[in-house]
Amino acid sequence: MIFEILNIFWIPFAGFISFLIIISAINKSIGVRRAYVNLLLRIFEYGRVSIETASKEHKQNNLKTDDKHSDEFVDNADSKESTNGTTLITRDAVLLPQPQEPAPEKPASSKKEEIVFDFEKCLDYLKSGVESIIEDDVTSRFEAEELKSWNMLTRTNRHHEFISWKITLIWMVGFFIRYVFLMPLRVLVCFVGVLFAVLTNSIVALIPNRFLRLLLADLSFKITFRLIASSLSSLIKFHNKQYRPTRSGFCVANHTSPLDVAILSTDRTFSLIGQRHGGFLGVLQRALARASPHIWFERGEAKDRHLVAERLKQHVSDPNNPPILIFPEGTCINNTSVMQFKKGSFEVGGVIYPVAIKYDPRFGDAFWNSAKYSMMQYLYMMMTSWAIVCDVWYLPPMYRQDGESAIDFANRVKGVIAKQGGLIDLVWDGQLKRMKPKKEWKEIQQVEFANRLKAE
């Protein structure tokens, strides 16, 4: 009896898994995820209209029950709306390093420059200091991106689900679907993806012919990450495919989530670089490294710049190796900005393939706050989100110009990525969330302030 039941369930299960692998191998979609996302957009729009209608009715009821204070209520409401719609912090950015303009030539008989102190010259710095205390440019980049309307998830929950019985019913049905139906199915598909990587790469690694081994490793790599992306109901739109990385070099992208690797790897095989991990990521790292060239460092080795640079040079010197996928920010940012790019990968030489990634936060917050959530907690939140929807732009390859420093080249690439992705281009180092500002930044500000005090 038990074997008969197992046989009944085994056939559709095996058929489902085989179907997923075949679809991933040929990189085709039957349109289910797109229809699912379009349905979600309609539900979100219905929820937004219902919430706004309920809010207006609530205000009207308050006006009717309190006629004596109606004028005062309207004035207060208007003042609140005007305050909420106005940006109080203007961000003059006086604390950022300013480009030095060439000073006008002075006659040879001019006297030594004098410093004239005026208290008014300190006011800009005091203003910026107060602004940074209220809300600085760095820490706000490590918080979840705020949404304009509720997406039926708890991250932006303001108890909207209790506004009306219709919204409550939709929220309850959505909760049931996400936790009872979608999450177990997603965990199963993700497990199949990792298991597929372990089995196929172990077999591919035994093939003696290098050309055939790399060909099969390429296919295994793509299928693995397409399965992982499918487990999150990912809907990815790639733009400018004519600029897709084609040969050895560096693919450079902004960093929001560990999912960035899976998103990009659904369309192109990359060599990955990073620190060795344990647990779930460690299993995947070891599986991928069996059949294709990836660069994994121990914690101590990753701090050795010379060793890292040598490994990178060796990799890009072989034209048969896939491009290396690198996230120069070194940490995850909340999908609103691009922060300082580390110059390491821009010093090695070779072609740089810029890529901009922009997630749609309405369906789930892809940002990983590693200081707040562990990897397993983050994966749990992703498995219980509606979907992962994003746009990926391939940009024209870039090369380091003659006389251009690695820092200037990194900033030029960062600016192109930020502009294409509609992200804010910031000069600050993302590692400020873990460490204090560098001494050099303080010295730059001291020099800048001294220049302002010099008499003309």
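Modeller: The second largest cavity is lined by I228, A229, L232, S234, L259, A262 and I263, where a cavity is, on a 1 Å grid over the protein atoms alone, a set of points where a 1.4 Å probe fits but cannot get out, and lining residues have an atom within 4 Å of a point. This is a predicted model, in which local features need pLDDT of at least 70 and side-chain atom pairs count only at pLDDT 80 or more, while totals for chains, interfaces and linings use all residues. Residues are numbered from 1 along each chain as its sequence is written, and side-chain values use heavy atoms, with hydrogens and water left out.

By class, the lining of the second largest cavity has six nonpolar residues, one polar residue and no charged residues, given that Ala, Val, Leu, Ile, Met, Phe, Trp, Tyr, Cys and Pro count as nonpolar, Asp, Glu, Lys and Arg as charged, and the others, Gly among them, as polar. Two helices, α6 (210-230) and α7 (259-265), each supply at least two residues of this lining, and α7 gives the most, with three residues. Helices here are DSSP runs (H or I, at least four residues), as strands are (E, at least two), and both are numbered from the N terminus.

Rolling a probe the size of a water molecule over the atoms shows where empty space is left.

For comparison, a search of the whole structure finds two cavities of 30 Å³ or more, and about 40 Å³ of space lies in the largest cavity. The largest cavity is lined by E145, T256, N334, N335, Y359, D360, P361, G364, D365, A366 and F367; by class, its lining has four nonpolar, four polar and three charged residues, whereas no charged residues are found in the lining of the second largest cavity.

Of its 456 residues, 40% count as buried, that is, under 20% relative accessible area, with exposed meaning over 50% and partly exposed in between (1.4 Å probe, protein chains only).

Key:
1 Å grid on protein atoms, 1.4 Å probe; cavity = no way out; pocket = protein on both sides within 12 Å on 5 of 7 lines; lining within 4 Å. Points joined across faces, edges and corners; volume = space filled by probe spheres on them.
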